[in-house]
Amino acid sequence: VFGWASLADVLATAGAFSKSSRSAAFAIIFTLGTVGNYTSNLPMGLVLDRYGPNVCCTVGAAVQIVGTLLMLAFPLGVGEWCLYPGFFLLGFGGPGVQMATFHLANLFPSYSGSLIAASTALFDAGTAVFFGFALATTSFNISLTTCWLVYLGACLLVLLSGTLLWPHTPFEAARDDEGAASTTSLTDKLEDSLLAEPPPFRSLLLSRSFLYLVCFASTHILRLNFVVGTFQLEVGALGFSSDDVAQHTTIFASMLPFGFIGMPLIGFALDKRPLSDVFLLVNATGLLCTALLMIPGSDTTLTAAIGLVAVGRQFVYSTFFAQLQRTAGQNYGKLAGAANLCVASFGVLQPVLVAACGDSKAGALRFAPANGVFLAFGLLLLTQPSSCWRDKQQEPVAAAEAASSSMPGPNLGDEKGLLGLGKLRVALLGPNERGA
């Protein structure tokens, strides 16, 4: 879905729509695809939690196959109308496959962060698929029909693997059973209790830590999408010539697919460092990127900002999905769906921010309103990880006290640590961070 720019060029070359109606039609098609991608997270999440990765992946791949057949119908002469439902279904089916993939990380708890980061990197690299369409049709004279047939074969392979290989129940996070019962600490007993009795969905949904994660993802994704959508205007406002704007725009488009180079760093941080460190890293990266985009006339700072946008997407998505996957358990699908709907809803602010930056005579200050908003929210996002940083030395003691004062088990609804930001962090982040 997010490689639409390349696909739009291919469709235009293939004669889709007249020149006068093409822009409006393409805008509608792209909107349908993105709406399908975001809104399907909740129903696909419900399928994942209720029926497991097997059914979720199979349903998602089946929807994509139908969408691919509709897209294939256009070059076969059926009509342009096929592009509307076809691209919508391509977007709608994708999250079903991706959610099932994220659950695989539960099988390798010590490296779950790296696996989520790798999956996110592949998601980013997926934008190059339709660029491959453009390259094949223009440089190698391969027909659009052939491209869609190859794409259909890939979807069929995903369907087959989902049906034959994925389990019917969600993967459970592996537990550390090392050590004799007589030497098990009170904190370890608390961990076993928490893992055996996961919090109910309602308490997870209303917890402060889940709300923080949603705000974290919504703010950073809005910021990144804003930069992508307004990059040419921002560069022009910083005092660059039209030739420089074109050059930096080309560099920007070329560097975005290479955000995966940040995968080893964020994967290592998620696996080996405390959660508070990870949030501090990602939030600081976002703040620095915004600050660099406010410096006029500097090629060096602009290039650095472009690099931070590319790796920033990797950082944000990897952190968001990794922490959600680690802590939600069998409620992962529903929580991921609810979170993605919130993120999509937050995106309606982008036109408002663009309108607030409409004064072309303001020069380098033209985008100050939007950048000011992003800086303010970024600073607010730093507060909770900073608090965790100060409090993390007290977490094992607090967890032990909670275990000793509760006979049937702790009341998880009042805990701060759904995402490891409070007491539950001891139990949920694995052996690498115990006693941190």
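Let me begin with a definition: a residue is called buried when its relative accessible area is under 20%, exposed when it is over 50%, and partly exposed in between, with a 1.4 Å probe and protein chains only. This is a predicted model, in which local features need pLDDT of at least 70 and side-chain atom pairs count only at pLDDT 80 or more, while totals for chains, interfaces and linings use all residues. Residues are numbered from 1 along each chain as its sequence is written, and side-chain values use heavy atoms, with hydrogens and water left out.

On confidence, pLDDT is the predictor's own confidence in each residue, from 0 to 100, and the protein chain has a mean of 81, with 81% of its residues reaching 70 or more. Over residues 174-196 the pLDDT is below 50, and over residues 391-436 it stays under 50. Where pLDDT is low, the predicted coordinates should not be read in detail.

Turning to the charged pairs, a search of the whole structure finds 2 salt bridges, a salt bridge being a side-chain nitrogen of Lys or Arg within 4 Å of a carboxyl oxygen of Asp or Glu. In one of them, Lys-334 pairs with Asp-49, with the closest N and O atoms 3.2 Å apart. This pair links distant parts of the chain, since Lys-334 lies in helix 16 (residues 332-346) and Asp-49 in helix 3 (residues 41-51), 285 residues apart. Asp-49 is buried, at a relative accessible area of 12%. The other joins Arg-273 to Asp-277, whose closest N and O atoms are 2.8 Å apart; here Arg-273 is partly exposed at 38%, whereas Asp-277 is buried at 13%.

Staying with helix 3, its buried residues include Met-44, Val-47 and Leu-48, and the buried residues of this helix pack against helix 2 (19-39), helix 4 (53-73), helix 5 (83-103) and helix 16. Just after helix 3, Gly-52 takes a positive phi of about 95°.

Finally, the cysteines: taking a disulfide as a pair of cysteine sulfur atoms within 2.5 Å, the count comes to 0. Cys-215 is in no disulfide, and the nearest cysteine sulfur, that of Cys-342, is 8.7 Å away. Cys-215 is partly exposed at 43%, while Cys-155 is buried at 6%.

Terms used: Helix = DSSP H or I, 4+ residues; strand = E, 2+ residues; numbered from the N terminus. Contact = heavy atoms within 4.5 Å.
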